[in-house]
Amino acid sequence: MKAIMKAFNRAVALDSSIHRNLKVKMPENYSFMKNVEIVPLTYSEILSATMYYPVMFGLQEGVVFPFAVTGINGKNIFLKENGEWKVDTVPNVCKHYPFGVFKEVDEYTIIFDEIYASEDGQRLFDDEGNETEFFFTIKQGLTELARDFHDAEECSKELFEGGYLKPLNLEVDTKLGKMQFHNTLMANIEYLSNLQPEKLYTVNSKGYLLILHAHYLSLRNFKLFDIFAEF
């Protein structure tokens, strides 16, 4: 989640007492993502994301997580001038903005971007302090998002601790500029090639083998940065 905090102008933790009368107006497009270069991925979207984005794994504060590269030099190349997304697969976390979930240790906190507080918006709580139907739906989506992020972290942790990912510092040269990645983890193809049949069966039965190969091949999507540079 920290990687997408760039999209939030004034992120605050939601409090039912403080924000009893808060009204929120949802954004009309994805223009809030214009400066976001890296987006964390949930488990359920890893494979679909590899169709369009370079997908890698990061290591931050002991947590391993998958992420998609969406931009360079402060510009999201997958975003049109009118705020529409250029490809079919929009990262899940973007669909919940201006709300989000922030994890510290094992605690999840709902956050929202204060710039979307508006008298023209919809209330999160009624006069008695109960959740409105609008916020109930938002909260359900965020709960599922948190679970999906948890599954992504568990998968990534298992792959890393099992030796299926290896550290790699990567530099990519595109028409839009150079990109450098540190503390990045990539599929250890050599290790996979020499796996014993029983281990290969296990990693394949969990669906991890497909994820590893799809993520490895997704680096070809850096070519899209050159193609989009011309538009």
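Thr174 is buried, with a relative accessible area of 9%, where buried means under 20% relative accessible area, exposed means over 50% and partly exposed lies in between, taken with a 1.4 Å probe and protein chains only. The structure is a predicted model, in which local features need pLDDT of at least 70 and side-chain atom pairs count only at pLDDT 80 or more, while totals for chains, interfaces and linings use all residues. Residues are numbered from 1 along each chain as its sequence is written, and side-chain values use heavy atoms, with hydrogens and water left out.

Thr174 belongs to strand 11, and strands and helices here are DSSP runs numbered from the N terminus, a strand being E of at least two residues and a helix being H or I of at least four. The side chain of Thr174 reaches the backbone nitrogen of Leu176 at 3.1 Å and the backbone oxygen of Gly177 at 2.8 Å. If its neighbours within four places in sequence are left aside, Thr174 is in contact with Ile72, Met179, Phe222, Phe225 and Asp226, contact meaning heavy atoms within 4.5 Å.

From this residue we can turn to the sheet around its strand. Five strands, in the order 3-5-4-12-11, form an open sheet with antiparallel pairing; two strands are said to pair if DSSP finds at least two bridges between them. Strand 3 (38–40) and strand 11 (165–174) stand at the edges with a single partner strand each, so one side of each is left without a neighbour in the sheet. On average, neighbouring strands of this sheet are turned by 45 degrees against each other, direction ignored.

Helix 2 (residues 133–161) lies across strand 3, strand 4 (55–60), strand 5, strand 11 and strand 12 (177–187), and runs at about 110 degrees to strand 5. Helix 5 (residues 208–217) lies across strand 4, strand 11 and strand 12, running at about 165 degrees to strand 12. Such angles run from 0 to 180 degrees between N-to-C directions, with axes fitted as lines to C-alpha atoms, for helices over the stretch in contact.

An open sheet of three strands has the order 1-9-8, again with antiparallel pairing, and its edge strands, strand 1 and strand 8, each pair on one side only. The twist averages 40 degrees from one strand to the next. Helix 2 packs on this sheet as well, touching strand 8 and strand 9, and its direction makes about 45 degrees with that of strand 8. Strand 8 (residues 99–104) and strand 9 pair over six bridges, with Ile110 in strand 9 as the bridge partner of Val101.

The aromatic rings give another view of the model. Rings of Phe, Tyr and Trp (its six-membered ring) pair if their centres lie within 6.5 Å, and planes under 30 degrees apart count as stacked, over 60 as edge-to-face and the rest as tilted. By this rule the count comes to 15 aromatic pairs. The rings of Phe32 and Tyr97 have centres 3.9 Å apart and planes at 20 degrees, so this pair is stacked. Phe32 lies in the loop between strand 2 (23–24) and strand 3, and Tyr97 in the loop between strand 7 (75–76) and strand 8, so the pair ties together parts that are 65 residues apart in sequence. Phe32 counts as buried at 12% relative accessibility, and Tyr97 counts as buried at 4%.

Note on methods
A polar contact is a pair of N or O atoms within 3.5 Å; within protein, one must be able to donate a hydrogen and the other to accept it, and residues adjacent in sequence count only if both atoms are side-chain atoms.
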